[in-house]
Amino acid sequence: MLLKNEIAEQFRSRKFIVVLVVFVVFAIMSPITALFMPDIISSVSESQNIKIEVPPPTWIDAVVQYVKNMTQIISFVLIIVYMGIIAREKENGILVFLLVKPVKRTAIIVSKYLSVLFVAIAGITVSFIVSGFYTFLFFEGFVIKDFLLQNLFILINIISTLFIVVLFSSIFKSQIVAGILSFVAYLLISLTSQVEKISEFLPSGLITQCNNMMKGTEISFMPILGTLVFMSICVVLSIISFSKWEA
Amino acid sequence: MIKCVNLTKIYGKSDIPALNSLNIEVQKNSVFGFLGPNGAGKTTTVKILTGLMKQTSGEFYIGGVRNDINSVGLKSKIGYLGQDNKMYGGMTAQNLLMFVGEIFGLSKKDREIKAGEMLEMAGLSMSANKKISEFSGGMIQRLGIAQALMGNPEVLFLDEPTSALDPIGRKEVLEFIHSLREKCTVFMSTHILNDVERICDSVAILNKGELVAYEKTEILKNKYSDKLIEIVFAKNEKDINIKDLFEKIKSVEILKSEKSSVVLLPTDMRKAKIDLLNFIASTGIDIERFEVKSASLEDVFVKLVGGTKDE
């Protein structure tokens, strides 16, 4: 019931539609950018009287672009859109409306997490279909099966970013503070990708696995396990923090 | 119905309690007025009693059951309308009430019936399918009370329910609250004395976190019902300094002074009347009215909370 309301609220506030549009735009842009990149580079280089040889684009270029867009730009957009998911409701007093009703505080927090989970799954599903379709259309040799697995890694990565946002939003009353800290945490986790031993257990390792798939090297499922533990910690910390929050 | 035992709240590392050892009992099916100036600790008390805030020490009971901040049992017994009444603006009134009914575990059919009743009672039937964001202040307040009543609460907590309303909206909401007495116990915090005087059966006055009075409204008025003298000055007496003038008269104490009137508490009524009339005659101050009157709740409040108001 709370989850139904949360999802309905995402539609009423048009957040869901906005986020879905952003997902679709970047999903389409990835293969198109890859397709036209050689033309763009050559037209720029010609205007500068420099000759740059660019090999013809492949589906790998499209997927690399897709992974970057999904895990960087989309993550940034999601932080901005959802930094107030709890903090804003604390600020404007709407949480009080729920807190005086016979619902457990844990249920409120869990409904928030599930609602962002829904957003991430919907976003990645649509992106997978749209981007997969255009990549298949424009490039030869595209392996849908690998792309599906890559999307699973990306999905878990995006969910982890959203869980960080919900965590900070549940701890702090200001959505700006929640947003800034979420972004800092996101950057710090992204930086760990440089250290394989650490990133293997963190969301950043999921991106490494996506890249490994394209290189044809062996992939590890450890980052999935590590990220699930990381996300569970986020949920538990949120519940603990929110159970002590005084309106 | 509501019992507070040594309820205390201290914020952070402050030395001064926002609420200090509050002990009150509210009878079932009564309208209880919780009075106090801004910052007295009214909202803190209401937030503790509704489980929105944790008390530093003390206990409280609703319907004989001890409760605390995360008690779901407490929430099923209460309805609450906050000072800053926020609801989902994108929802319609009907949808909001249906949602609240669902939270309280009502079946779909019961929800529809109850929502219809509540909308009717709040005078919002015609606006049932209108978005809440399009409602006026009075409509939002009435819808706030309606949603608070959806779960058939034993106790309805109202925090400053009329403070943001115009006189017509205020009258409507007060009549509505007054009519609830048969259905539940109403705990209403306010700083508007007229509201309490009009609808409350008993009243507690809080000042700086301390309970300064707690009685049935009529008993409280009678208890402090020293006769008062009110003097209303003529319109041409704009520049007089009431405080300076009347401080000189030893047989009275200034209870409340405003621009064109003063309420005085006599220590000896007979002597005070003679002193005041002689003083007015000798100074030639033009007055419109000189009245010996019974104390209103406002006078009791001013006397207990202290301080005169110079405007």
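The axis of a helix is taken here as a line fitted to its C-alpha atoms over the stretch in contact, and the angle between two axes runs from 0 to 180 degrees between their N-to-C directions. In the predicted model described here, the axes of helix 3 of chain A and helix 8 (residues 175-191) of chain A come within 10 Å and cross at roughly 160°. Since angles over 145 degrees count as roughly antiparallel, helix 3 of chain A and helix 8 of chain A are therefore roughly antiparallel to each other. The crossing of helix 3 of chain A with helix 8 of chain A is right-handed. On the side of helix 3 of chain A, the contact is made by Thr71(A), Gln72(A), Ser75(A), Phe76(A) and Ile79(A), which meet Gly179(A), Ser182(A), Phe183(A) and Tyr186(A) in helix 8 of chain A. Sorted by class, the residues of this contact are four nonpolar and five polar, with no charged residues.

Helix 1 of chain A, which spans residues 2-12, has Leu2(A), Asn5(A), Glu6(A), Ile7(A), Glu9(A) and Gln10(A) as buried residues. The cover over these buried residues includes helix 2 (15-47), helix 3 (59-82), helix 5 (94-99) and helix 6 (105-138) of chain A, and it also includes helix 3 (93-103) of chain B. Within helix 1 of chain A, Asn5(A) counts as buried because its relative accessibility is 4%. When residues up to four places away in sequence are not counted, Asn5(A) touches Arg12(A) as well as Tyr88(B), Met91(B) and Phe99(B). Just after helix 1 of chain A, Arg14(A) takes a positive phi of about 65°.

Positive phi values also occur in chain B. Most residues other than glycine have a negative phi. Asn29(B), however, has a phi near 50°, and this residue is found in the loop between strand 2 (19-26) and strand 3 (31-35) of chain B. With a relative accessible area of 31%, Asn29(B) is partly exposed. For Asn152(B), phi is near 45°, and the residue is found in the loop between helix 5 (137-149) and strand 7 (155-159) of chain B. Asn152(B) is exposed, its relative accessible area being 51%.

In chain B, six strands form an open sheet of mixed pairing, in the order 6-7-8-3-9-10. Strand 6 (78-81) and strand 10 (210-216) of chain B stand at the edges with a single partner strand each, so one side of each has no neighbour in the sheet. On average, and with direction ignored, neighbouring strands of this sheet are turned by 15° against each other. Strand 3 of chain B and strand 8 (residues 185-190) of chain B run parallel and are joined by five bridges, and Phe34(B) stands opposite Ser189(B) in strand 8 of chain B. Helix 1 (residues 42-49) of chain B packs on the sheet, where it touches strand 3, strand 6, strand 7, strand 8 and strand 9 (202-207) of chain B, and its direction makes about 150° with that of strand 8 of chain B. Helix 11 (residues 297-305) of chain B lies across strand 3, strand 9 and strand 10 of chain B, running at about 30° to strand 9 of chain B.

Strand 11 (residues 228-233) of chain B is largely enclosed by the rest of the structure, because six of its six residues are buried. Antiparallel pairing joins strand 11 of chain B to strand 14 (residues 287-293) of chain B over six bridges, with Ile231(B) opposite Phe290(B).

How values were computed. Residues numbered from 1 in each chain as written. Chains lettered and ligands numbered in written order. Predicted model: local features only at pLDDT ≥ 70, side-chain atom pairs only at ≥ 80, totals over all residues. Heavy atoms only, no water. Buried < 20%, exposed > 50% of the residue type's maximum accessible area, 1.4 Å probe, protein only. Helix = DSSP H or I, 4+ residues; strand = E, 2+ residues; numbered from the N terminus. Contact = heavy atoms within 4.5 Å. Parallel < 35°, antiparallel > 145°, perpendicular 65-115°, else oblique. Left-handed = near helix turned anticlockwise from the far one by under 90°. Nonpolar A, V, L, I, M, F, W, Y, C, P; charged D, E, K, R; others polar. Pairing = 2+ DSSP bridges.
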